[in-house]
Amino acid sequence: MPPRPCLPRLALLLTTASLLACSTTASPPPAAPPPPLPEAAPAPAAFAAATRAEADARAQAKSSSQRMAAVGAAYLMAPAPPLPPPVAADREKYQAPEQNPVRQVSEQPVSTFSIDVDTGSYSNTRRILGEGRLPPADAVRVEEFINYFDYGDAPPRTPETPFAVYTEVAPTPWNANTKLLRIGLKGYQPAGPLPASNLVFLVDVSGSMNEPSKLPLVRSSLKLLARQLTARDRISLVTYASGTEVVLEPTPGDQTAAIEQAIDRLQAGGGTAGAAGITLAYQQAEKAYIKGGNNRVLLATDGDFNLGVTRFESLIDLIKEKRKTGIALTTLGYGGGNYNDHLMEQAADAGDGNHAYIDSLQEAQKVLVAQRAATLLTIARDVKVQVEFNPAQVSEYRLIGYENRALRREDFSNDAVDAGDIGAGHSVTALYEIALVGEGGERNEPLRYGSAPSPTLTAKNAELAFVRLRYKRPDQDQSRLIEQPVRRPDAHQRFAEASASLRLAAAVAAFGQRLRDGRYLEGYDYPQIAALARGASAADAGNNLGDFLQLLGLAQGLSARPPAGAAVNGE
């Protein structure tokens, strides 16, 4: 038998091939005992077989490794599963005053407040309802709901007294034991062209304004106003973001093309240096000041100031200082998510101007075109209302809304105390819910040691209340006084006898109260409010009733809570 020098190497190769082949399987079977070495196989054939087995094992291992590498690469290269969209943080800011309480006439017979012609709360609430959610209670200022409407009251015929005063008393629709007292003011509407205007458009072009409901709507809104102006008027355009810029120097109002080109160049980006923008805008207004004209800054922003002076009180102090120049400030709010309603409303108050929220081009048309005189032309400054209730006739009262317009009693006669202004043709309405003596409408428990007055119908005791108003003419610093009694014999005995103006105002006031919490509505809910409003359509001089009824329907559909005082499950 010939020698077999290759057999040890052959055994080693076969063992290696077996191990390599096993390494390519996920779960290798138990190793079998090596086969017996062939006795008679010629050495060259055995060596060739072993070599082929080694090559096959290496190829198989390489193929398996390539497959695993391909799978790993495919996994790493595949797009990650989509993450849920981030929830936008709601950073909107609203003031949170407590609702006016029910007051006893025996303890506090006098109610004093500043008038308010702002309407921003109503249109901002419309935006929120349109987004499919109920507004925060603090976003609802009931007086701004009421004053969004024109109730068809006749204005005065001459400018000697800049507004007409109306009073009316009727039963309360949501409480048969109380009465509603309406005090209405209607501003004088001048005939012919308005006085020349010096307007500065102060536009926020920071990054937060880069949304369709913000800067693009601002551009369209300002174009609407610019097209109403004439050669006598002057327009400037100032922007602010991380810095400030004068985009358009004072320009005659009839140069519409140049004005619109400047507006079209506005682009959003950067921070929000609002205080620096306000300062620069007033400087431009002073440069083009028109004596005897309407000098005003119109601030268009979401109110999100985050650079420079950002402290609320400091911004308000800055605006109060600037109003001494005789230049008013109107604020136009835009957008949501970060909307600073608190700053916008208070800035307009401090700047002797008015506040509107622009949620659509239709609202811009209403505020800046249809109501341009009311928005831009002031006919009475520092208008204050004081109502003294007769304790012989009225036991309790509650002012609906005007929580952040309350004044101290002594402020009424102090001409140094600032109050709201009225524009040409403006409508202002205030509603009191009052409980008459002996009619069971009181909400407070009677005092143990108090004595109930007995009503006697003398000439003075026939009065339910005495209304006083103070105002200043735009060019004067001394106030004038208007006084008017409210007589019980003039009160309506049935709510159906009330004017359409009072009935519509009551419906709007009920809607605002219901959106807050409805604590005083005695279960009066959306269907009753809608029926009341439909029956008062004759007073809808501004054609807002259809929109109002739609908002009622939206609020009812979104509301999951019953009104305060309503029965639950038939109880």
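Q: Which residues in α12 meet which residues in α13?
A: This is a predicted model. On the α12 side they are Arg503, Leu504, Ala506, Ala507, Ala510, Phe511, Arg514 and Leu515. On the α13 side they are Tyr526, Ile529, Leu532 and Ala533. By class, this contact has 10 nonpolar, no polar and two charged residues.

Q: What describes two packed helices?
A: The description consists of the angle between their axes and the distance between the axes. For α12 (residues 500-516) and α13 (residues 526-534), the angle is about 160 degrees and the axes are 8 Å apart. Angles over 145 degrees count as roughly antiparallel, and α12 and α13 are therefore roughly antiparallel to each other.

Q: In the crossing of α12 and α13, is the hand left or right?
A: The crossing is left-handed.

Q: At what angle do α8 and α9 pack, and how far apart are their axes?
A: Helix α8 covers residues 312-322 and helix α9 covers residues 341-350; they pack at about 25 degrees, with axes 9 Å apart. The cut-off for roughly parallel is under 35 degrees, so α8 and α9 are roughly parallel to each other. Their crossing is right-handed.

Q: Which residues make the contact of α8 with α9?
A: From α8 come Phe312, Leu315, Ile316, Ile319 and Lys320, and from α9 His342, Leu343, Gln346, Ala347 and Ala350. By class, the contact of α8 with α9 has seven nonpolar, two polar and one charged residues.

Technical notes: Residues are numbered from 1 along each chain as its sequence is written. This is a predicted model: local features need pLDDT of at least 70, side-chain atom pairs count only at pLDDT 80 or more; totals for chains, interfaces and linings use all residues. Side-chain values use heavy atoms; hydrogens and water are left out. Axes are lines fitted to C-alpha atoms, for helices over the stretch in contact, and angles run from 0 to 180 degrees between N-to-C directions. Helices (H or I, at least four residues) and strands (E, at least two) are DSSP runs, numbered from the N terminus. Angles under 35 degrees count as roughly parallel, over 145 as roughly antiparallel, 65 to 115 as roughly perpendicular and the rest as oblique. A crossing is left-handed if the near helix is turned anticlockwise from the far one by less than a right angle, and right-handed if clockwise. Contact means heavy atoms within 4.5 Å. Ala, Val, Leu, Ile, Met, Phe, Trp, Tyr, Cys and Pro count as nonpolar, Asp, Glu, Lys and Arg as charged, and the others, Gly among them, as polar.
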